Amino acid sequence: MPVSQESTSSDAPQTRSQDSSPPPGLSLATSVVSPDLPPAHEAASSSSSSSGRWSRDYDVCVCHSEEDLAAAQELVAYLEDSSVGLRCFLQLRDAAPGGAIVSELCRALDSSHCRVLLITPGFLRDPWCRYQMLQALSQAPGAEGRIIPLLAGLARAAYPAELRFMYFVDGQGPERGFRQVKEAVLRYLQTLR
């Protein structure tokens, strides 16, 4: 799971008003703000008494192996480009450079409402993915809808035993399961109101 990161000026957090145009180098997908929802940086800086969706920095943490980075980026782009504008944590983009891997993985889980586990052959081989999966299960062992397994490139028999009490999204289905993941996240967020 650890991936080397290089910080560039476009990686730095950008604070701007809703009316301004996106800074050069940022795609429209990462800068569009839904008019009825506060921007992520405002939600993150709100008081600790905030509730509902804005009580955490992210709606979704996407847990994936390093070899599945491209698939994880596609999933995040799909979720962030939706009309709701889901706020996603993607390790390569959002982890603090220089941060301890264990601390960053735990921070990602703590600061996200839902956890999508992109379960692939690479995920099953990666000890950091296993750590993050077990950490997610220990933080929310019976929380309906907070953990969303997305099975891709594996037979059902390879589904991790620790998750057998949960239904998974089949990544071989329509839209590679991305739509089902989005709907599951939105369903969970509805319970926060």
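Which residues lie nearest the centre of the largest cavity? They are F89, Q91, L105, A108 and Q132, among the 11 residues that line this cavity. The model is predicted, so local features need pLDDT of at least 70 and side-chain atom pairs count only at pLDDT 80 or more, while totals for chains, interfaces and linings use all residues. Residues are numbered from 1 along each chain as its sequence is written, and side-chain values use heavy atoms, with hydrogens and water left out.

**The cavity**
- One cavity of 30 Å³ or more is found in a search of the whole structure, where a cavity is a set of points on a 1 Å grid at which a 1.4 Å probe fits but cannot get out, and lining residues have an atom within 4 Å of a point.
- The largest cavity holds about 40 Å³ of space, a volume being the space filled by probe spheres set on the points.
- Strand 1 (58-63) and helix 5 (101-110) are the elements that give two or more residues to its lining.
- The lining residues divide into eight nonpolar, two polar and one charged.

**The nonpolar cores**
- The largest nonpolar core has 22 residues, and those with the most contacts inside it are L75, I148, L150, V181 and V185; such a core joins buried residues (under 20% relative accessible area, 1.4 Å probe) through side-chain atoms within 4.5 Å.
- Helix 8 gives the largest share of this core, six residues.
- Not counting residues up to four places away in sequence, V185 touches V60, L86, C114 and I148, contact meaning heavy atoms within 4.5 Å.
- Another core, of 19 residues, lies apart from the largest one and includes L109, F123, M133 and L163.

Terms used
On a 1 Å grid over the protein atoms alone, a cavity is a set of points where a 1.4 Å probe fits but cannot get out, and a pocket is an open set with protein on both sides within 12 Å along at least five of seven lines; lining residues have an atom within 4 Å of a point. Helices (H or I, at least four residues) and strands (E, at least two) are DSSP runs, numbered from the N terminus. Ala, Val, Leu, Ile, Met, Phe, Trp, Tyr, Cys and Pro count as nonpolar, Asp, Glu, Lys and Arg as charged, and the others, Gly among them, as polar. Buried means under 20% relative accessible area, exposed over 50%, partly exposed in between (1.4 Å probe, protein chains only).
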